[in-house]
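Open the model in your viewer and keep the sequence panel beside it. The tour below goes from one selection to the next and says what is found at each stop.

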Amino acid sequence: MAPQPTEPRRLYSMRQVCILTTLSESTIKRLMHMGLFPKWHRVTPGRRKAFYADEVDDWIANPPPFDNPPA
């Protein structure tokens, strides 16, 4: 029996993530740099980047504490 094809992972653009999280682009980039937000992934050979929707949805459901950022 052939394996079942899996659904491709949904992607969010930076604009969509800003709307969903109510955070600005600069705040999201700062949180990514600090390791407190999911990283984006290159989706084309050019400059196009996107976030995996499941990672962002998990972050929204369980955001890290912002009072003690990692060193």
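This is a predicted model: local features need pLDDT of at least 70, side-chain atom pairs count only at pLDDT 80 or more; totals for chains, interfaces and linings use all residues.

Begin with the aromatic side chains: a search of the whole structure finds three aromatic pairs. Rings of Phe, Tyr and Trp (for Trp, its six-membered ring) count as a pair if their centres lie within 6.5 Å; planes under 30 degrees apart are called stacked, those over 60 edge-to-face, and the rest tilted. Select F37 and F51: their ring centres are 5.8 Å apart and their planes stand at 85°, so this pair is edge-to-face. F37 sits in the loop between α2 (25–34) and β2 (41–42) and F51 in strand β3, so the pair ties together parts that are 14 residues apart in sequence. Both F37 and F51 are buried, where buried means under 20% relative accessible area, exposed means over 50%, and partly exposed is in between (1.4 Å probe, protein chains only).

Residues are numbered from 1 along each chain as its sequence is written, and side-chain values use heavy atoms, with hydrogens and water left out.

Next, colour by secondary structure. The chain has three helices and three strands, and from the N terminus on the elements run β-α-α-β-β-α. Helices (H or I, at least four residues) and strands (E, at least two) are DSSP runs, numbered from the N terminus. Of the 71 residues of the chain, 25% count as buried. Among contacts between residues at least 6 apart in sequence, 45% join residues at least 24 apart; a contact means heavy atoms within 4.5 Å.

Select helix α1, residues 14–21. Which of its residues are buried? In α1 they are M14, V17, C18 and T21. These residues cover an arc of only 100° around the axis, which puts them on the same side of α1; the arc is that of the directions from the helix axis to the C-beta atoms. Turn to the other side of α1 to see R15 and I19, which are exposed. Cover for the buried residues of α1 includes β1 (11–12), α2, β3 and α3.

T21 is buried, with a relative accessible area of 11%. Not counting residues up to four places away in sequence, T21 touches I28, F37, W59 and I60. A polar atom of the T21 side chain lies 3.2 Å from the backbone nitrogen of L23.

Step on to T22, which follows α1 and is found in the loop between α1 and α2. T22 has a positive phi of about 60° although it is not a glycine. Is T22 buried or exposed? T22 is exposed, with a relative accessible area of 70%.

Select α2 next. Its residues I28, L31 and M32 are buried. Seen down the axis of α2, the buried residues fall within an arc of 105°, so they line one face of the helix. What covers them includes α1, β3 and α3 (53–61). After α2 comes G35, whose phi is positive, near 80°.

Now move to α3, where A53, V56 and W59 are buried. They cover an arc of only 125° around the axis, which puts them on the same side of α3. D58 and A61, on the other side of α3, are exposed. The buried residues of α3 are covered by elements that include β1, α1, α2 and β3.

K49 is partly exposed, with a relative accessible area of 31%. Leaving aside neighbours within four places in sequence, K49 is in contact with W40, H41, R42 and V43. Show M14 as well: K49 and M14 are 35 residues apart in sequence and 8.2 Å apart in space, C-alpha to C-alpha.

For the last stop, select R9 and Y52. The charged end of R9 sits over the ring of Y52, 3.7 Å from its centre; a charge sits over a ring if NZ of Lys or CZ of Arg is within 6 Å of the ring centre and within 35 degrees of the ring normal.

Methods:
A polar contact is a pair of N or O atoms within 3.5 Å; within protein, one must be able to donate a hydrogen and the other to accept it, and residues adjacent in sequence count only if both atoms are side-chain atoms.
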